[in-house]
Amino acid sequence: AAGTCACAGRPLPRTRTPTQTRTPTPTHAHTPPSQPTRQCKRMTQQQRGSTDRTYPLGIVAMNIALLLVDILSIKRQRFQSTTAVHWQIMEDPDAFFELYSVAFRTLDQTWREQGATRADFGKIMGATKSAIEVLLAEARGHVSEVVDDAIGRGFFEVSY
């Protein structure tokens, strides 16, 4: 039985059919729904209440989605007409959600490392966008490799 992502409730990546060339490696971003990651719990618990040191989850969530729409050039219900290196990873139906998770976790870690305040939101979003653009510029293969690359670069911590 397929599990779901503990944070977003999204299905875990599926294995490819026999006609596809490779089975993706499991990403580090998922755990069974009954075991939410410590990181997801910490992220939501730390953002409760409203202080200058917290970021508003809803606003951040919306801005992360818009950031990805901008990077992937999928504005106005049209897709980019030129070939980009990272488009092959978008063949996975869960790729957008995986990238969303990477971007959100990268923003969260950057926020904490820099001791950011709400006044730093634009700077943190810019750093997150740059990090995702670097990952996508070097993307090859499956989205799980992008997630592994983000972890390897220390864009966010992995904790279950």
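A salt bridge here is a side-chain nitrogen of Lys or Arg within 4 Å of a carboxyl oxygen of Asp or Glu.

Before going on, a word on what we are looking at. This is a predicted model, in which local features need pLDDT of at least 70 and side-chain atom pairs count only at pLDDT 80 or more, while totals for chains, interfaces and linings use all residues. Residues are numbered from 1 along each chain as its sequence is written, and side-chain values use heavy atoms, with hydrogens and water left out.

Glu138 pairs with Arg153, with their closest N and O atoms 2.3 Å apart. Glu138 sits in the loop between helix 4 and helix 5 and Arg153 in the segment after helix 5, so this pair ties together parts 15 residues apart in sequence. Asp149 also meets Arg153, at 3.0 Å from N to O. Arg153 is partly exposed, at 36% relative accessible area; buried means under 20%, exposed over 50%, and partly exposed in between, using a 1.4 Å probe and protein chains only.

By the salt-bridge rule the count comes to four. Another one joins Lys129 and Asp70, with the closest N and O atoms 2.6 Å apart. Lys129 is in helix 4 and Asp70 in helix 2, 59 residues apart.

Now the overall layout. The protein chain has five helices and zero strands, where helices (H or I, at least four residues) and strands (E, at least two) are DSSP runs numbered from the N terminus. Of the 160 residues in the chain, 38% are buried.

What holds the middle of my picture is the largest nonpolar core. That term means a set of buried Ala, Val, Leu, Ile, Met, Phe, Trp, Tyr and Cys residues joined through side-chain atoms within 4.5 Å. Which residues touch the most other members of this core? Among its 31 residues, they are Leu99 and Ile132. Helices 2, 3, 4 and 5 each supply at least two residues of the core. Leaving out residues up to four places away in sequence, Leu99 touches Leu68, Leu72, Ile89, Met90, Leu136, Val143 and Val146, contact meaning heavy atoms within 4.5 Å.

Helix 3 deserves a moment too. It is mostly covered, with 14 of its 19 residues buried. Just after helix 3, Gly115 takes a positive phi of about 55°.

Over in helix 4 we find Thr128. Is Thr128 buried or exposed? Thr128 counts as buried, because its relative accessibility is 0%. Beyond its neighbours within four places in sequence, Thr128 is in contact with Ile64, Ala103, Thr106 and Leu107.

Finally, confidence. The mean pLDDT, the predictor's confidence in each residue from 0 to 100, is 74 for the chain, and 61% of residues reach 70 or more. Confidence is highest in helix 4, at a mean of 94, and lowest in helix 1 (residues 38-46), at 66. Over residues 1-36, pLDDT stays under 50. Where pLDDT is low, the predicted coordinates should not be read in detail.
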